[in-house]
Amino acid sequence: MDYKKTILIIDDMKQIRDILWFSLKQEGYKPILAENGQKGLDYLFDKDNRVDLVILDVMMPKMNGYEVLEEIRTSNIPESNIPVIMLTAKAQKDDVIKGLARGADDYILKPYKFADVLAKIQKFIG
Amino acid sequence: MKTTPLEKDHQFLTRTISSLTDQIDLFETFQDLSLKIISQFDLENILDTFCGIIKEVMTYQSATIYLFHEDREGFKQTYRSGAAAKNQGSTLPDLKIINWVMDQGRWTIITDFQDIHAEHIVSILPIKGPKHSVGFMVIVTDFKPSIYNQKLGSILNFLASQTAIAIENQNLYAKINNSNAYMSNILESISNGIMSINMKGDVTSINKNTTAILGIKTKHLVGKHYQHFLKGNLKKEIDELFSEILDKGFAFESMVNHSPYKEVSIIVGITVSLLSDKNRKTIGVIFIFRDLSASKEIARLTKLDEMKSEFVSNVSHELRTPLSIIKSYSEALLTQVKPEDHNTREQFLSVIDNETDRLATIVSNLLDLSRIESGKFALDYKAVSLKNIVKSVISVFKSKPANISILIDFEQDLPKIEADEDKIREVLINLIANSIKFSPTGGTVSISVEQQDGFLSCSVSDTGIGIPKNKITHIFEKFFRVDNSDTYEIEGTGLGLSIVKHIIDSHNGKISVDSVLGEGSVFTVYLPLTRS
């Protein structure tokens, strides 16, 4: 099988993007990195790109994760129902609920175990 | 005996004159009596005087006064004079008879003169004023029908009406007293100071809180001109408000810094409004004084509380971010990076190293905060070179920020200063880290050190996002973070600058900030050369 499942990682923190890129690649996925919400949306909304899952950070400059999520869910692209996993250092319950209420499929709290991230990804896209 | 017409006329005249004299005497007596009754203000005295006069007019065995209740439903015995006759538990006649007499509205004998068993004569005297009845008197006298005549009746009715007026006046008087007491209770229980003055400026009323808030020691202020006991700003402000309100009819609340007691300074809010009588004629002015320090203090504490909760959430985020980076990189090193892939290993280890430094800074800031809070913040003074500290701090940063250049400019022959090296290093780390943090990629951070007037100054300037004007005064406050949610979301605990300020203050130094929104900020630290 040639095709690799594509995961879009939207996070403003370079170190996090880099390590996710490294680890996901090791697991046979094709990670795409975006350093802010707008760049992530641009990639996703481009017809030529195919994305299977989005890992989305909450606290980001200019456009936060909730806003990016809303853009995705209210858009009319085929991927508007794409699985989105929120990545957040905000441990408060409110934030988790806020994310889920806005249509996130799951969330990961920082610091995370990569095995957990992997399990959540596999749950949605195998 | 025959009388001549002249004699007849003379007799007629004599009788008329005598009767007129009698009448005048009677009028004078009436006036005297009326004055006696009306000049009393106490119910007991009124009734006492009334009964005393009745006793002089007609000798009674007993006189009992019943007064109606305020709602005029029912009455009660209020006064009794003279010994109660035998066989008489109560002198109260039948209610129907009383009502009938009250309707007649004049003195009425209710004992039947024909009754051979009657031992006394009982009469009822309605106490009735021009408007309504206030009560009645039951009079018991010896059985001597001859003394009853019309003249006695009119005297009694007159006295009763005067008594009714006196009682009504007394009721009004008591009501006014009550409502005065009620008002003054209200005035005293209000936490604000309330003072009214007349048009001349003399105090007409003042509550205790006015004297408490303003710290007035003068006693018996009512009747005194306010300028006798208000001085300085306060007098000036009252002068202005007084003329402004009379002039324009309104004035805005003004705030005055006032020092009611030594070493106590409060902010007093003063509002003023006109006092007018029922014809809407202005008769004075009322001032209300509020101690605004208390409400300001509550607002400050509430804000501090909010900032603390935000702080907890920020700290948790700040700690989790480097932790999660360290965790994921070390996890990858342990499970995914091939042992022979030296480049990746080194790259990952250096990320872990950097994040560990970041964690260490946060932890040390938190420790500083707790030392400052508990008063255990001590300085370890040594002669140190500010230039060397700046250099070593920059070397820490140099490798880290992407695309941000750091420029340095040191004046020649800088002297050493007496300072705590570690603490000064912390100051610089905080300031430079902030400059980098708030600068966009490609920005420049310049650091310069120069000497001036017994101080060394160190400026850290950047080409970053700048600080809004209205926020500049707050940036050194603990937990304060400029709300930048619509521009940048930059992480921080809001502790750095408050610790910086504390360190500089404990060195007897100064810190100043100059910033233009969107262009950049300059923080300048002044440190004295010698410990003073």
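Let's start with one residue: Val117(A) sits in helix H5 of chain A, which covers residues 114–125. (Helices here are DSSP runs of H or I with at least four residues, strands are runs of E with at least two, and both are numbered from the N terminus.) This is a predicted model, in which local features need pLDDT of at least 70 and side-chain atom pairs count only at pLDDT 80 or more, while totals for chains, interfaces and linings use all residues. Residues are numbered from 1 along each chain as its sequence is written, and chains are lettered from A and ligands numbered from 1 in the order in which they are written.

Is Val117(A) buried or exposed? It counts as buried, because it has 20 C-beta neighbours inside 10 Å. (The cut-offs: buried takes 20 or more other C-beta atoms within 10 Å of the residue's own, exposed 12 or fewer, and partly exposed is in between, with C-beta atoms placed from the backbone.) Setting aside neighbours within four places in sequence, Val117(A) is in contact with Ile108(A) and Tyr112(A). Contact means that the C-beta atoms of two residues, placed from the backbone, lie within 7 Å. Then there's Ile55(A): 62 residues away from Val117(A) in sequence, but 9.6 Å away in space, C-alpha to C-alpha.

## The sheet of chain A

Chain A has an open sheet of 5 strands, ordered S2-S1-S3-S4-S5, with parallel pairing. (Strands pair if DSSP finds at least two bridges between them.) At the edges you'll find S2 (30–34) and S5 (106–109), each pairing on one side only. On average, neighbouring strands are turned by 20° against each other, direction ignored.

Take S4(A), residues 84–88: it runs parallel to S5(A), and 4 bridges join the two. Helix H2(A), residues 37–45, lies across S1 (6–10) and S2 of chain A, at about 155° to S1(A). For such angles, axes are lines fitted to C-alpha atoms (for helices, over the stretch in contact), and values run from 0 to 180 degrees between N-to-C directions.

## The sheet of chain B

Over in chain B, an open sheet of 5 strands goes S2-S1-S5-S4-S3, with antiparallel pairing. S2 (75–81) and S3 (108–109) of chain B each have a single partner strand, so one side of each has no neighbour in the sheet. S1(B), residues 62–68, and S5(B), residues 133–142, run antiparallel and are joined by 6 bridges. Leu67(B) stands opposite Gly135(B) in S5(B).

Helix H3(B), residues 95–104, packs on the sheet by touching S3, S4 (120–128) and S5 of chain B, and makes about 50° with S4(B). H4(B) lies across S4 and S5 of chain B, at about 45° to S4(B).

## Two helices in chain B

How do H2(B) and H4(B) lie to each other? The axes of H2(B), residues 43–57, and H4(B), residues 150–189, come within 10 Å and cross at roughly 175°. The two helices are therefore roughly antiparallel. (Under 35 degrees is roughly parallel, over 145 roughly antiparallel, 65 to 115 roughly perpendicular, and the rest oblique.) Among the residues that meet are Phe50(B) in H2(B) and Leu159(B) in H4(B).

## Where the chains meet

19 residues of chain A are in contact with 17 residues of chain B. On chain A's side, helix H1(A), residues 14–26, gives the largest share, 6 residues.
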